[in-house]
Amino acid sequence: MYRNNMTRKQIERAFAERSAADERLLQSLQNCDRRHFLRTSLKFAGMAAAASLVPSHAFQLVNVASAAAAEGASPGVAFQFAYVSDSHLYARGMTHRFARAAAKAVADVNALDPQPDFVLFGGDLAQLGRPDELALGQQILKDLKPPVRMMVGEHDWYLDLGEKWKEMFGPDHYSFDHKGIHFVVLNSVVEKDFWTAKGYTPEQRMAIVSGLDDSRQSPFEVGAPQREWLKQDLAKIDKKTPIIVFSHSPLYKLYRGWNFWTDDAELVQAILKPFQTVTVIHGHTHQLLTNRIGNIQFHGMLSTAWPWPYAPEGLPAYTVQMFRPDPFNQFDGCGDGSVDVLVKGRVDKHYNFWSRNPRIVTAKELAGNSLPGGGNQGPSY
Amino acid sequence: MKRTLVAGSLLLGSIALGMLGVFAGGPSDVESARRGLVGAPDEWASRAVWACDQRKLVIVEGVRPDERIPPDKAQQVADVLMDLMRFCNEEITVRIGMNQMMTVAANGRVYENYVPGGPLPIVKASFGEPTPRELSIWKAELDKLVAEGDRLFHSDEIGGNGVACAMCHPNASNTHPETYPKFQTQLKKVALLRDMVNWCILNPLEGKELPPDDPRMQALEAYILAQRSGKPLDVGKH
């Protein structure tokens, strides 16, 4: 196409022709069926990853698809937001493995083109709720280009019962509207006082709560005051308005032993039940996790720090389990992701695994009567 | 624990002589033969004392069958019988030698020598069906080790960067101790559980390897295995 003896003008013309051809190809890709395009792009991403041609997460390819849809080439995606969750930072500088991982997620989000409308931080910014840990987290998240919506996790909360976190990031529960969706952010990690009677210090209380399998703590709950607030917040919302709820713990009962659990889940679900389209996006479980209860679809978020194993019982039949992470690879089973909010208010949930092909759990596959996870009785490994 | 047992058995033993219905049994064939020896020295003499269940026998050497057992020795006999009665229902023979050495035998096999002042042999004498008390002692000892392993597994003290084992392995899940030894592909060799524990200490925890016989390694292994109790052994499984 380009020859050594071309004039500057000839080169420019050739370049313009080439660009037009590229543009036509891109347009045709955008016009093709979104599902088909996604599948194709994922396939290429996988092939490319297998051949070590590109960083194996192939995040960009997936988002070309989303962008195409968002620009109206395909009906479907109204807008996109990204998520980073469960960074569990220690105040040990930016060389600590968890700080590096959180920064990696920030870089991922900043590389999204087009940029998501906002970023949800899913809670557990700190490991032991310390002000220096929260400050490090704030510093890392400051680099995010899109606006950030913060949610609190138990690791942020139980040193000073949220005092510092609220001072830095604002209220622990709130709602906002964005492009026709009503978003609700909850603090679902409220625990009944188990510390006063035992005389635990704030540090001991925090250490107990930070132990996933520490049975001295209470179960998580949203609690009566927040449930009342939620009722009032939703009272003015039309029942046809799609609702997306962010909660740190899953708003259902999966496994009490690890607080993969919200004790008043049924009561919260009852408040959400009158609404036609409800999605809950939660952190805490550090794994691909999918569920549906009536009109509510549930999606977990990945952690940047480490993956949890699946709980020994309670795995929803809607969950198609993720792979067993390789402990020899720090980033395996970890990652971040994004959420395509569809025109009708449901979501397609992207899991951007850092060292595997991405997985997308679509609203469509959760809508039918089939159970994608089949007879899940517990972890397959 | 053992000290308490000795004290306890002494206390009970002082009441036991009357309570237990201890009585002298008839001489055995061997003893009859010995009695036949004219002018036999005392060390050839022995006297059998049975507990009321007819299953526990104490043979006191150096005392003739028709002779009174000296009070201190009688006390010792009562103590031992009392403990045997409390601890199990098996047939047990204890021989108290001239040198005060006590030998405990069950099913015809010498089980253990007992040095007076040392731990009671009965603590370790598991013959047949263990008693609730034996079980509680063994469980307490095991629990102590498992609890230490539990503490270390959840603590940042064996690592160097704040990370603890339980952060990736709540309840030791996903450790699969029952599948070791196995060829650990990432290590390119057959690994024992402790090799993987050390790999985790070195890498995600950024700490220092533990020697295999380090009490902390033993405690960690105890905790991990205890969490998977009941899982079938499946060596080499991937």
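Here is a short walk through this predicted model, point by point.

1. Starting with chain A. The secondary structure of chain A comes to eleven helices and 14 strands. The chain has 381 residues, and 47% of them count as buried. If you take the contacts in chain A between residues at least 6 apart in sequence, 71% join residues at least 24 apart.

2. Turning to chain B. Here you will find seven helices and eight strands. Of its 238 residues, 31% count as buried. Among contacts in chain B with a separation of 6 or more, residues 24 or more positions apart account for 55%.

3. Where the chains meet. Eleven residues of chain B are in contact with 14 residues of chain A. On the chain B side of this contact, the residues divide into four nonpolar, seven polar and no charged.

4. A sheet to look for in chain A. Six strands of chain A form an open sheet with mixed pairing, and their order is β3-β2-β1-β12-β13-β14. Which strands stand at the edges? They are β3 (148-150) and β14 (359-361) of chain A; each has a single partner strand, so one side of each is left without a neighbour in the sheet. From one strand to the next, the twist averages 25°.

5. Strand β12(A) and its partner β1(A). Strand β1 (residues 77-84) of chain A runs antiparallel to strand β12 (residues 335-342) of chain A, and six bridges join the two. To find the pairing by eye, look for A:Phe79, which stands opposite A:Val341 in β12(A). Another pair to trace is A:Phe81 with its bridge partner A:Val339 in β12(A).

6. Strand β12(A) and its partner β13(A). These two strands pair in the antiparallel sense over seven bridges. One residue pair to check is A:Asp340, whose bridge partner in β13(A) is A:Asp348. The hairpin of β12(A) and β13(A) has four residues between the strands, and in this hairpin A:Gly345 takes a positive phi near 100°.

7. How covered is β12(A)? The strand is mostly covered, with eight of its eight residues buried. A:Gly335, A:Gly337, A:Val339 and A:Val341 point one way from the strand. A:Asp336, A:Ser338, A:Asp340 and A:Leu342 point the other way, and the residues on both sides are buried.

8. A helix pair in chain A. Helix α9 (residues 224-235) and helix α10 (residues 265-272) of chain A pack at an angle of about 10°, with their axes 10 Å apart. That angle makes α9(A) roughly parallel to α10(A). The residues that meet are A:Arg227, A:Leu230, A:Lys231 and A:Leu234 in α9(A) and A:Leu267, A:Val268 and A:Ile271 in α10(A). By class, this contact has five nonpolar, no polar and two charged residues.

9. Two cis peptide bonds. In chain A, the bond from A:Asp113 to A:Pro114 is cis, with omega near 5°. You can find A:Pro114 in the loop between α4 and β2 of chain A. In chain B, the bond from B:Tyr180 to B:Pro181 is cis, with omega near 0°. B:Pro181 is found in the loop between α5 (165-168) and β7 (182-184) of chain B.

10. A positive phi in chain A. A:His88 has a positive phi of about 50°, although it is not a glycine. This residue lies in the loop between β1 and α4 of chain A. Why does A:His88 count as buried? A:His88 has 27 C-beta neighbours inside 10 Å, and a residue is buried if that count is 20 or more.

11. A positive phi in chain B. B:Asn174 is a residue other than glycine with a positive phi, near 65°. B:Asn174 lies in the loop between α5 and β7 of chain B. With 17 C-beta neighbours inside 10 Å, B:Asn174 counts as partly exposed.

How values were computed
Residues numbered from 1 in each chain as written. Chains lettered and ligands numbered in written order. Predicted model: local features only at pLDDT ≥ 70, side-chain atom pairs only at ≥ 80, totals over all residues. Axes fitted to C-alpha atoms, helices over the stretch in contact; angles between N-to-C directions. Parallel < 35°, antiparallel > 145°, perpendicular 65-115°, else oblique. Contact = placed C-beta atoms within 7 Å. Nonpolar A, V, L, I, M, F, W, Y, C, P; charged D, E, K, R; others polar. Buried ≥ 20, exposed ≤ 12 C-beta atoms within 10 Å, placed from the backbone. Pairing = 2+ DSSP bridges.
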